[in-house]
Amino acid sequence: MRKPYIFTPGPTEVRENVRLARAIEVTNPDIDESFYDFYKDTCEKISKIIHTNNDVYILSGEGILGLEAACASLTEPKDRVLIIDNGIFGEGFGDFVKIYGGVPVYFSSDRTKEICVEELREFLQKDNQFKYATVVHCDTPSGVLNDISKICPLLKEYGIITVVDSVAAMVGETLKVDEWKVDIALGGSQKAFSAPPGLTILSISEDAFKVMDNRKTPIVGFYCNLTIWREYYTKKWFPYTMPISDIMGLNIAVDNILDEGVERVIERHRKIAYATRKSLEEYGLNLYIKQGYSNTVTVVEPPEQIEVRKIIGHLLEKYNVLLPGSFGYLNNKVIRIGHMGENAHIEKIVYILNVLDLALKDLGYISKHSLVQLFNNYYN
Ligand SMILES: *Cc1c(COP(=O)(O)O)cnc(C)c1O
């Protein structure tokens, strides 16, 4: 099988030094105490990227594990939980809450725009009896970015702790966990970290641990119980054998980010995303989002008369490029360009925009523009 060039909003391309790190001979991560330091060191480096003094953990399991573990650890039967919903992942949090016996209350809004903080404030003035709230930073199927810097402090005014799914934003967008009062921040290895899939990354505040400690009923399950991680370092005990090779890869991916500089990585995403959006619009296509764009993924509607699945199939067949459509209510309606992590480099985005331009023209789209030329005009 010839590996296609992947330009999906996770998994992303993985740099060679990360791939090689996963091939190094390893110790026994349960018994060898030096691994506990290595794990802790990796977590502490991640805490610099997300600006927090809270505990950071790496769990064995793809990003969804973090979403479920947060809900499992916080939810008790009949708890009311506020689900801030302007997308598929946003709404989906409600299902995890239900699994653990909670009662989701949805604050749903226009899916083409970021959450309006003023509307949320009005909502909370009438109803604010919630155990916690969930919100998605970048809801990947649509590419909408929510303003966590305002949403989480607002909820804290009402004593509501927050679970933020930043899986598709972390590293590519600024995330200031402490300043923004995020209680549980969730990330995944295969998005802008640009490590292979398989690891959940999360930070947990003291307020969130307090809620877990004050439960009247025990947390259901073991793998999703976040309290079991709390004393791993002092007790030199992990709840299960850590996937050491995956973590060695992630450690190098984190070094790559810190070596470049957290701010510069974010700026690189911003520049690429801005020129991508502008060039697609000038080329004649419509962006799905009207307000609140994430710099990690751009979601664009196909030209009229050309079906999404046709474009995607043609890109793969003729150009060996894997661009995704979307799912749920966006199935076959939009194309997504995942310019996150290692994919957010000019040589890569220019390549993708070039083949997208060629593919659309192969399929009969008429434009006097060159997508790459337009991109260049906006990139600086
Ligand atoms: C990727 C992603 C996850 C993890 O889920 P997948 O199984 O990889 O889809 C969770 N939340 C968001 C917003 C994501 O983009």
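**Ground rules.** The model is predicted, and I kept to the convention that local features need pLDDT of at least 70 and side-chain atom pairs count only at pLDDT 80 or more, whereas totals for chains, interfaces and linings use all residues. Residues are numbered from 1 along each chain as its sequence is written, and side-chain values use heavy atoms, with hydrogens and water left out.

Grid points are joined across faces, edges and corners, and a volume is the space filled by probe spheres set on the points. I found 3 cavities of 30 Å³ or more.

The largest cavity has a volume of about 90 Å³, and I noted 15 residues in its lining, with Ala192, Phe193, Ser194, Ile257 and Glu342 nearest its centre. Two elements give two or more residues to this lining, helix H9 (244-260) and helix H10 (262-283), where helices are DSSP runs of H or I with at least four residues and strands are runs of E with at least two, numbered from the N terminus. H9 gives the most, with 4 residues. I counted 7 nonpolar, 4 polar and 4 charged residues in the lining of the largest cavity, taking Ala, Val, Leu, Ile, Met, Phe, Trp, Tyr, Cys and Pro as nonpolar, Asp, Glu, Lys and Arg as charged, and the others, Gly among them, as polar. Domain 1 (5-9 + 262-378) and domain 2 (16-259) each supply at least three residues to this lining, the bounds coming from an automatic or database domain assignment.

The second largest cavity has a volume of about 70 Å³; its lining includes Ser142, Gly143, Arg277 and Tyr288, and divides into 6 nonpolar, 4 polar and 1 charged residues.

I then turned to pockets, a pocket being an open set of points with protein on both sides within 12 Å along at least five of seven lines. The largest pocket holds about 270 Å³ of space, and of its 15 lining residues Lys40, Glu44, Asp55, Val56 and Tyr232 are closest to its centre. Helix H2 (33-49), strand S2 (55-60) and helix H8 (232-235) each give two or more residues to the lining of the largest pocket, with H2 giving the most, 4 residues. By class I have 5 nonpolar, 5 polar and 5 charged residues there.

About 190 Å³ of space lies in the second largest pocket, where Glu62, Phe89, Thr140, Val167 and Lys191 are the closest to the centre among 17 lining residues. This lining has 9 nonpolar, 4 polar and 4 charged residues, and each of domain 1 and domain 2 provides at least three residues.

Around the ligand, counting residues with a heavy atom within 4 Å, I listed ten names, among them Glu62, Phe89, Thr140, Val167 and Lys191. A polar side-chain atom of Glu62 lies 2.3 Å from a ligand oxygen, an N or O atom in the side chain of Thr140 lies 2.2 Å from one, and for the side chain of Lys191 the distance is 2.7 Å. The protein covers 80% of the 370 Å² of accessible area that the ligand has on its own, with areas from the Shrake-Rupley method using a 1.4 Å probe.

Technical notes: 1 Å grid on protein atoms, 1.4 Å probe; cavity = no way out; pocket = protein on both sides within 12 Å on 5 of 7 lines; lining within 4 Å. Polar contact = N/O pair within 3.5 Å; in protein donor to acceptor, adjacent residues only side chain to side chain.
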